[in-house]
Amino acid sequence: MKEKTLINKINKLMPQAKAVPLAEFYDDPKAEGIWFRQEGNEHSDGFPIYDSYCEFGIHMDTNGVHGKLYKILDDAGWYSEPYDAGTLMAYEG
């Protein structure tokens, strides 16, 4: 799935993830991927979109990524990767 299409899908299904093109993070129009501007945001179920410390049991099997977001990315052939403890990116796999 193309970057823009996936961003639109994520933002429709999980607006708290605040998915934007990775180009915004790097201020580089050539950067490809997705940046989640979600730090401190929670899904409507009360769990964080990304929890690098895996403090919540639901994040253990998904490397800190909320299960719903993990599935959306996986189904689209993308994978997530932490940039740091509070920043999550995604790339086409």
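Student: How many aromatic pairs does a search of the whole structure find?

Tutor: This is a predicted model in which local features need pLDDT of at least 70, side-chain atom pairs count only at pLDDT 80 or more, and totals for chains, interfaces and linings use all residues. Residues are numbered from 1 along each chain as its sequence is written, and side-chain values use heavy atoms, with hydrogens and water left out. Rings of Phe, Tyr and Trp (its six-membered ring) pair if their centres lie within 6.5 Å. By this rule, the number of aromatic pairs found in the whole structure is five.

Student: What is the geometry of the pair formed by F25 and Y26?

Tutor: The ring centres of F25 and Y26 are 4.9 Å apart, with 90 degrees between the planes. Planes under 30 degrees apart count as stacked, over 60 as edge-to-face and the rest as tilted. The pair of F25 and Y26 is therefore edge-to-face.

Student: Why does Y26 count as partly exposed?

Tutor: Buried means under 20% relative accessible area, exposed over 50%, and partly exposed in between (1.4 Å probe, protein chains only). F25 is partly exposed at 25%. Y26 also counts as partly exposed, because its relative accessibility is 39%.

Student: How many residues apart in sequence are the parts that the pair of Y26 and Y83 ties together?

Tutor: The ring centres of Y26 and Y83 lie 6.4 Å apart and their planes meet at 75 degrees, so this pair is edge-to-face. Y26 belongs to helix α2 (residues 22–26) and Y83 to strand β3 (residues 78–84); helices (H or I, at least four residues) and strands (E, at least two) are DSSP runs, numbered from the N terminus. The pair therefore ties together parts whose separation in sequence is 57 residues.

Student: How are α1 and α3 oriented to each other?

Tutor: The axes of α1 (residues 3–13) and α3 (residues 67–75) come within 11 Å and cross at roughly 155 degrees. Angles under 35 degrees count as roughly parallel, over 145 as roughly antiparallel, 65 to 115 as roughly perpendicular and the rest as oblique. The two helices, α1 and α3, are therefore roughly antiparallel.

Student: Is S44 buried or exposed?

Tutor: S44 is placed in the loop between β2 (34–36) and α3. Its relative accessibility is 65%, so S44 counts as exposed.

Notes: Axes are lines fitted to C-alpha atoms, for helices over the stretch in contact, and angles run from 0 to 180 degrees between N-to-C directions.
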